[in-house]
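The sequence and structure are shown first.

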Amino acid sequence: MNYVPNPPWVVRQMLDTIGAKNIEDLFADIPEALKLKRDLNLPRPQSEVELRRELAALAGRNLSADDRPCFLGAGAYDHYIPAAVEQLLLRSEFYTAYTPYQPELSQGVLQTIFEYQTMICNLTGMDLANASMYDGGSALAEACSLACDATRRRKILIPDTVHPRYLEVIRTYAMGGKMEIITVPGKDGVADPDAITSMIDSRTAAVVIQHPNFYGNLETALQQIEKAVHGVKGLLIMAVDPISLGLLKPPGAWGADIAVGEGQSLGNPLSFGGPYLGFFAATEQLMRRVPGRLVGETVDREGNRAFVLTLQAREQHIRREKAGSNICSNEALCALAATIYLTLVGREGLKEIARRCHQLACYAKQKLEQAGLKLKYQRPFFKEFAVTIPDPRAANAALLKEGIIGGYELDGALLLAFTEKRTCAEIDRLASVLGGIARE
Amino acid sequence: MSKLIFEKSVKGARAFTLPESDIPPEKVSEEIPADFLREEDPLLPEVSEVEAVRHFTALSQRSYGVDSGFYPLGSCTMKYNPKINEWAARLPGFAGIHPYQPEETVQGALELMYELEQMLCEITGMDSFTLQPAAGAHGEMTGAMIIKAYHNSRGDTKRTKMIVPDSAHGTNPATANMLGYKVIEVKSDERGLVDLEDLRALMSDEIAGLMLTNPNTLGLFEENIREIAAIVHDAGGLLYYDGANANAIIGIARPGDMGFDICHLNLHKTFGTPHGGGGPGSGPIGVKSFLADFLPVPVIEKHEGKYHLNYNRPLSIGKVHTFYGNFGVMVKAYTYIKALGSSGLKAVSQNAVLNANYLRTKLAGCYDIPYNRLCKHEFVASARKQKKEAGITALDVAKALIDRRCHPPTVYFPLIVEEALMIEPTETETRERLDAFIEAMLEIDREARENPERLKEAPHRAVIRRPDETGAARNPKLKWTPKD
């Protein structure tokens, strides 16, 4: 393939205009010793016909959750994506645009971001939301960093019921030196409120709670933790599943100062872990410290409604080494997917999807218990729970043999997720295979 | 006035419906304690499918992408995004796989990532790559973490400062700050290149490294790069390559051969993947072998024809992304590199540089070009002449271009050029498009002298006039609230 449009005779004339003998002349400023005097060792160029063949073959070597019932969750979920989401994302005025630096030419993109910010605020019950972060883990890490800046403290308390990969990302971000990450062992599948409150002190910048947590359980001591951390003027950071917010009380109502989460569930495909969508919402007090892009509504000089990137004095391109975050590119198109998704499912739809996920999970619990299995934690959950299995790896292999993508392997348990795409028939098969293993 | 989707809501209207539940009625249960339920439904739109589709279609028509026309946004490499790449990323075998599926069910995806890493190593002259960073700035951060981990692993903990040029992208100093480094600026010399004397004077055993873009943000190749590398290395520092401008040198020269120890690439710039209105991007980083142990986990390994994710890497900095990075973007970049091969990639850089020099030559009579000599993929013009003579600023020029259905260049960057217009045409523009842009720029210069007042009011033909940005920042309205 070749995407360079000028034919050789045009290139010749352009070189003449510049006053260059040949195209190599244009690289005369690169020292000879540094020039690559050979071809790059890459496969030969391919036509579209060949590319289609090769890419289809590579894709064909993967087992797609489109073709098999998928009970894997653990931070990425197989929710349904309405056809209109995929179609609208192909509008190339959206996907081939850059960050909307020039508002007069970008009102459409800016308005979609403004609508996205509004939807995230309404879902989370927070005052404001930014235009997006890389993913759930990095959004949470930036939230911890903001908490340290805002409180001028270092200590971040995190129960080990938070997604272990989120915890790893936070630890990596902590290399900057301003955060001290302390993990607090959970108890029976939830955060241990007594352990956490006993560690909260005047050096505590924030407590992080994931709700529902990594094990799918509702964090039942939220109120106690919120009181304790606010009692020392620290912040409460919550990581939440946006689908759950169709049903569950939002972080704003729990008193969270920052709410983040993985927004993949909102209209973005599984895509082997990315591109995903980190959403980031906060209270008004933190407005001038929020990382990333913010879109605001204003008027043009004739008084017409207009949208612009705003409060840019927070950001790296203005503030340089004094910026709180270095984020520049974000996940705008994934945020657009979420905006279109939430528009299509709407107010009633999101509630129904959340309720269906929960009902299917409850049904699965009954079926698994009838099949002789036990849930690892006897606790309220939303759409995901852990079921005790001595050899989870073998269980997954047995499920795969039956054409089922199983769960996330925990120590002595499988973490199973139930989206609205699952059916009772699929759950019955799951219970029957796992029940068979349990009886062996 | 453009209505928001919330303002188009009609109570009870809806698009999506769930399939009927197949749970037997006697088995339907819900077990969430009442305290945990929300009291009010979240305020989301209520619209039909057709109205939702029309709403977002109308918004797309109020936007502008590379497919709409010329987009010479400096340092952003707004090249054409081949459509086969979009097709590839949406294949169910790529888009439909869960990141935690058993390795044996995702061998095709792991092979693609492994091969992409190998190809990026060859293209840059580095020894190992990670694809995990989700954007250029994320790659910079990962690179800075590796610099820190390297010095720490040697017990060399007094290196608390990072050098960046005064022409650097804002992400460089912001990244260094995130890692707790004190930022030291090295000056540019009169030719727009790193001032070697200044660099020598700044180097010490407290310097962790130098972050450098090459070609730099003036579009000029740092000709003394080998000397720069020697100065940094002799003092024990590491040299970081910001790949924002890599579109100028693919197949021609490699960061690894110039003495860089770490480099990032922007797949969404150099390798043809779309910018999505601000993202997703992908910012893989490559390192020389002595730094490979510090790369994020997991790394992809190949044993006996099978691909594995290895998390067991004791010196690794850890993870910077929950999963493996922006896989969908990787599929597009892989397809792009496979389409072009060695000759095609070299032609990319040759034509990017040709187009930039063509524009520079033709605009030089009209606009000031402070460093007017052979440039690489971009150059920086200035509206300081127009400002002095007619009060027309770089911003006015940008807005006047919008009236001519052209995306403006990057303005007011780099900071070392006043009234900067940073112009990057990319290789995918025809001479006719370039000529139309030149004509527009010359016309704006004429209008600056003949009718400056009208120019200061531009744009006249866009969907809005200039917005009140000061008001937006003073009185931030960041979400819609219903009027009751």
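A residue is termed buried if 20 or more other C-beta atoms lie within 10 Å of its own, exposed if 12 or fewer, and partly exposed in between, with C-beta atoms placed from the backbone. By this criterion, buried residues make up 58% of the 484 residues in chain B. The model is predicted: local features need pLDDT of at least 70 and side-chain atom pairs count only at pLDDT 80 or more, while totals for chains, interfaces and linings use all residues. Residues are numbered from 1 along each chain as its sequence is written, and chains are lettered from A and ligands numbered from 1 in the order in which they are written.

**Chain B as a whole**

The secondary structure of chain B comprises 16 helices and 12 strands; helices (H or I, at least four residues) and strands (E, at least two) are DSSP runs, numbered from the N terminus. The radius of gyration of chain B is 25 Å, close to the 23 Å of the globule rule for 484 residues, so chain B is as compact as a globular protein of that length. This radius is taken over C-alpha atoms, and the rule is 2.2 Å times the number of residues to the power 0.38. Along the principal axes, the C-alpha atoms of chain B fill a box of roughly 80 × 65 × 45 Å. Two residues are in contact if their C-beta atoms, placed from the backbone, lie within 7 Å. Of the contacts in chain B between residues at least 6 apart in sequence, 72% join residues at least 24 apart.

**Contact between the chains and nonpolar core**

A nonpolar core is a set of buried Ala, Val, Leu, Ile, Met, Phe, Trp, Tyr and Cys residues joined through C-beta atoms within 7 Å. The largest such core has 310 residues, and A:Cys144 and A:Ala147 have the most contacts inside it. Helix 12 of chain A gives the most to this core, with 22 residues. Beyond its neighbours within four places in sequence, A:Ala147 is in contact with A:Ile156, A:Ala205, A:Ala206, A:Leu235, A:Ile237 and A:Ile258.

**Covered elements**

In helix 7 (residues 164–173) of chain A, 8 of the 10 residues are buried; among them are A:Arg165, A:Glu168 and A:Ile170. The buried residues of helix 7 pack against helix 6, strand 2, strand 3 (180–184) and strand 5 (235–240) of chain A, together with helix 5 (136–153) of chain B.

Strand 4 (residues 207–213) of chain B has 7 of its 7 residues buried, so this strand is largely enclosed by the rest of the structure. Two strands pair if DSSP finds at least two bridges between them. The pairings of strand 4 are listed below.

| Partner strand in chain B | Bridges to strand 4 | Direction |
|---|---|---|
| Strand 2 (residues 161–165) | 3 bridges | parallel |
| Strand 5 (residues 238–242) | 5 bridges | parallel |

B:Lys161 stands opposite B:Ile207 in strand 4, and B:Leu212 has B:Tyr241 in strand 5 as its bridge partner.

**An open sheet in chain A**

In chain A, 3 strands form an open antiparallel sheet in the order 10-12-11. Its edge strands are strand 10 (384–388) and strand 11 (408–410), each pairing on one side only. Strand 10 is joined to strand 12 (residues 413–417) by 5 bridges, and A:Val387 stands opposite A:Leu414 in strand 12.

**Backbone exceptions**

The peptide bond from A:Gly274 to A:Pro275 is cis, with omega near 5°, and so is the bond from B:Gly279 to B:Pro280, also with omega near 5°. A:Pro275 is in the loop between strand 6 (258–262) and strand 7 (278–282) of chain A.

Positive phi in a residue other than glycine is found at A:Arg152, with about 55°, and at A:Leu311, near 50°. A:Arg152 is exposed, with 8 other C-beta atoms within 10 Å, whereas A:Leu311 counts as buried, with 21 C-beta neighbours inside 10 Å.
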